[in-house]
Amino acid sequence: MMTRQERALRNTVILLAVATLMLGGLLFWSLRAMALLKGEAADGEASDIAAAGGQPVTDREWIDELKKKHGDEVLLGMLNHIVVGKEAKALGITVTDEEIEQELKRGMSGYGSEEQYYDQMQSELGLSRQELHEETAYRLTLQAVATAGITVSETEIDDYLAQNAERFTPRKQMQLSMIKLATYNGANQVMDRLEQGEDFAGLAREVSTDEESRQHGGNIGTVEENDPFWPEELLKTAAGLEAGDIAGPLQVEGGYAVIRLEKLIDPGKPDQDELRGLIRQELALEQAAPLQQVESDLRAKYATAIYIDNSLQD
């Protein structure tokens, strides 16, 4: 069973996996550059940064190993940021902080809170809030560059909405918490303890076998009423609860669950201007060249030169 958070994370990974490596590399090389400028690392004897069994590892050995394994990706990522920035400036394209925040909020869909989203990005992708903000800005800028000059008519948007009406129909959402156990008897015992007044979040942290939700006191975020990745029985049961109600044991993949409905959310109608803007961008991207090709073309346009390895040349 894939949780809501895992599905959201899967989409984020597609967009940010390459960025993770690049940003990590950028941070590392920036720190090393600063160290060199400050004289903390001279061209002479390399300093030891670690040791195992009495055998040292020098900072130079570490740098060389990183360059061998990740140097190509980091270098291309740095060059991409340069050329996309130059093209955006030439086209008069600017991504606002508001646009970045809206994009980040869309990525948070399905998480119990903003904090949970950022914690997940940090633990799974190694990205801080600032790095997520910077990479989101880059991705939006790249998309704007790729779609510059592409026109999508209002009629095309209307047709798309008509053909995908179900996709854009608001659905009720349930904010749930869960305690997962391997056996029915184990879940029953949890029900008994809850009925005796024990704290749900505390029990989740103590006994739940679901590692992701356990660290958040059982919070699994927001689940849509017809989410295909959750058992139908669980969704029907949850939809019949009042906020604060507990139900279980319910069979789930890999065991049994006790759930609590935290909040029933009626999302209401989406903002039509925002919705049409998203569809416009989606349709424009379908007409544009693949983003990786756009980056490659821009590296060629701005006479990118790589001096260390000809295999990186386009």
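Helices (H or I, at least four residues) and strands (E, at least two) are DSSP runs, numbered from the N terminus. This is a predicted model, in which local features need pLDDT of at least 70, side-chain atom pairs count only at pLDDT 80 or more, and totals for chains, interfaces and linings use all residues. Residues are numbered from 1 along each chain as its sequence is written, and side-chain values use heavy atoms, with hydrogens and water left out.

**Figure 1. Helix α2 packs against helix α5.** Two packed helices are described by the angle between their axes and the distance between the axes. Here α2 spans residues 59–91 and α5 spans residues 129–146. The angle is about 55°, and the axes are 10 Å apart. Axes are lines fitted to C-alpha atoms, for helices over the stretch in contact, and angles run from 0 to 180 degrees between N-to-C directions.

**Figure 2. Residues of α2 and α5 make the contact (heavy atoms within 4.5 Å).** From α2 come N80, H81, V84, E87, A88 and L91. From α5 come E135, Y138, T141, L142 and V145.

**Figure 3. N219 is found in strand β4.** The strand covers residues 219–224. N219 is buried, with a relative accessible area of 15%. A polar atom of the N219 side chain lies 2.7 Å from the backbone nitrogen of G221. The C-alpha atoms of N219 and A201 are separated by 8.1 Å. Along the chain, these two residues are 18 residues apart.

Note on methods
Buried < 20%, exposed > 50% of the residue type's maximum accessible area, 1.4 Å probe, protein only. Polar contact = N/O pair within 3.5 Å; in protein donor to acceptor, adjacent residues only side chain to side chain.
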